[in-house]
Amino acid sequence: MYKAQFTTPIYPYLLLLPQMAIIAIFFLWPSAEAIRSSFFLSDPFFGSETFVGFENYTDAVTRSDYMRVAWFTLIFTAVVTFVSLAIALILAVAADNVLRGQGPYKTLLMWVYAIAPPVAGLIGIMLFDQHIGPIVRFVALFGWEMQVGVDYWDSAIAMMVVATWKQIPINFIFFLSGLQSIPKGVREAAAIDNPSPSSRFWTIIFPLLAPTSFFLMIINITYAFFETFGIIDVMLKGEPGNNPVTLVYKVFLDGFRGNDLGGSSAQSVILMIFVLALTIVQFRLIERRVHYV
Amino acid sequence: MMGPIVVAFTTSTHDAVTIHSGGMQLIPGDNLVPTYTAVLFEEGGFTKTVTGWGMLINSTILGLGFAIGKIIVSMLAAYAIVYFRFPLGTLAFWVIFSTLLLPLEVRILPSYEVVQGLGLLNTYTGLILPLIASATGTFFFRQFFKSVPNELLEAARIDGAGPLRFFWDILVPLSRTMIAAIFIIMFVLGWNQYLWPILMTTDESFYTVVRGIRQILQVWIGSNIPDYNEALALAIVAMLPPVAIVIFFQRMFIKGLVESEK
């Protein structure tokens with residue numbers, strides 16, 4: 001795209017200076033350091049380092065607890081992403097049919113968006129508390145003795161419920177604005193051609209929402225990976241024990257509790273590569289969508 | 001969706017014994033003022049140096065510092081990238097772009113070491129600057145600047161405006177809604193930070209309120225009848241400012257979200 005530009009020689013460098021300085025010190029340097037130390041075995045007591053090549057990587061990936069955490073992260077991410085998208089879509093379609101979006105409940109949903117994950121975690125752990133939690137009492141009626149913080153899968157389910165709850169509103173807002181941007185003419189034409197509302201939804205409306213859904217999917221995966229740290233940490237009361245954690249949490253645990261700098265760095269680099277791949281997909285999608293508009 | 005929050009609030013207005021014996025409460029109790037006063041003004045934590053009020057101030061400093069800092073830094077950078085032709089422009093763009101790829105969480109350990117090496121642990125600078133290092137703001141502004149018509153710049157140049165004049169008199173006023181939307185998003189993001197403050201602040205007088213939640217849980221584990229009411233009250237206190245901002249600026253916020261989607 002043609003854009004008239006200044007050719008003043010020094011200004012652009014001055015303008016870029018603050019951003020570049022911050023990036024160099026707090027991004028490039030630590031990232032390089034993470035990659036470097038992932039190839040070393042360091043001794044936290046003597047500060048000495050030995051070059052071990054890819055040993056930290058092979059070590060991390062082949063360890064059984066890493067695979068267990070990786071599997072859990074995968075399941076956790078899939079469940080949170082799928083369930084929160086599905087519920088948000090159902091709610092958005094309902095809201096769109098009823099009042100075309102202007103309503104106090106939009107405001108109410110905004111509330112949940114603005115809550116910090118650890119705060120959601122705290123409310124969650126109260127709801128799932130052994131003594132006072134209404135959810136625990138409720139499922140006990142069906143004979144399910146839920147023990148969050150003790151039983152692996154009970155904790156996992158509680159964490160997924162809270163993480164999903166926190167993510168539904170943002171998905172809802174995007175779906176609703178996506179639905180409302182579908183021109184009225186398209187809907188009316190569809191209504192004439194196809195009398196069944198459900199088949200109308202799947203053949204006309206849903207494909208039009210597909211770009212929004214894909215975008216949201218990536219947002220949700222990133223959320224489940226990184227931002228749920230606060231929920232998990234609070235719900236496990238900072239004491240993970242034998243409970244489910246995600247890969248990001250494990251980087252934190254191994255690095256700061258376990259003092260395994262090399263192993264933690266290798267895990268960081270694996271995560272970096274994953275996020276890198278995800279972002280490239282996302283960026284290509286976003287660039288393509290700019291051309292449509 | 002709101003159910004858990006309402007229950008959290010009504011429960012926080014009862015005393016701890018009632019909650020312990022009767023479970024979470026649906027009807028408001030009569031302990032609203034004592035509980036919230038205790039949470040806000042009673043000194044807690046291990047060293048008894050931090051109050052809820054102090055943590056709120058720290059959170060505000062973090063939220064504002066992060067949002068304002070990010071807007072200034074990223075607006076300048078986006079201006080340089082979009083409106084100037086210079087040899088290192090493309091390189092700068094790719095360096096900035098690379099920060100989008102990796103959130104702070106994946107390089108948390110080396111970031112901690114860098115900040116420690118610079119002697120910035122337990123300072124606001126150390127708390128805020130590493131969070132600014134991700135260039136999301138630059139990309140929002142870049143997209144926005146690219147949508148500004150060329151004719152504006154051409155007209156300004158015919159009128160003899162230099163780069164600084166064009167920036168201040170035309171671009172900044174034009175970006176007002178964009179700035180507001182980014183401010184809201186970033187303030188909430190800064191306020192809600194958790195992992196980084198956990199590592200950075202060992203001195204309780206630097207605790208943010210979201211960070212303080214972890215502390216209240218650790219006190220909770222040891223006692224016979226946990227202070228459920230105070231924990232929930234702190235949660236309510238921690239969520240109010242970002243919620244208030246989001247609701248107050250709702251229109252702009254939705255606009256910002258929808259625009260950021262592009």
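Q: How many residues does the contact take from chain A and from chain B?
A: The contact takes 87 residues from chain A and 98 residues from chain B, where contact means heavy atoms within 4.5 Å. This is a predicted model, in which local features need pLDDT of at least 70, side-chain atom pairs count only at pLDDT 80 or more, and totals for chains, interfaces and linings use all residues. Residues are numbered from 1 along each chain as its sequence is written, chains are lettered from A and ligands numbered from 1 in the order in which they are written, and side-chain values use heavy atoms, with hydrogens and water left out.

Q: How many salt bridges does the rule find across the interface of chain A and chain B?
A: The rule asks for a side-chain nitrogen of Lys or Arg within 4 Å of a carboxyl oxygen of Asp or Glu. Across this interface it finds zero.

Q: Why is H4(B) called oblique to H8(B)?
A: The axes of H4(B) (residues 52–83) and H8(B) (residues 136–146) cross at roughly 45 degrees. Angles under 35 degrees count as roughly parallel, over 145 as roughly antiparallel, 65 to 115 as roughly perpendicular and the rest as oblique. That makes H4(B) oblique to H8(B).

Q: What makes H8(B) and H11(B) roughly antiparallel?
A: H8(B) and H11(B) (residues 176–191) pack at an angle of about 160 degrees, with their axes 11 Å apart. By the cut-off of over 145, they are therefore roughly antiparallel to each other. Phe140(B) of H8(B) and Ile182(B) of H11(B) are among the residues making the contact.

Methods. Axes are lines fitted to C-alpha atoms, for helices over the stretch in contact, and angles run from 0 to 180 degrees between N-to-C directions. Helices (H or I, at least four residues) and strands (E, at least two) are DSSP runs, numbered from the N terminus.
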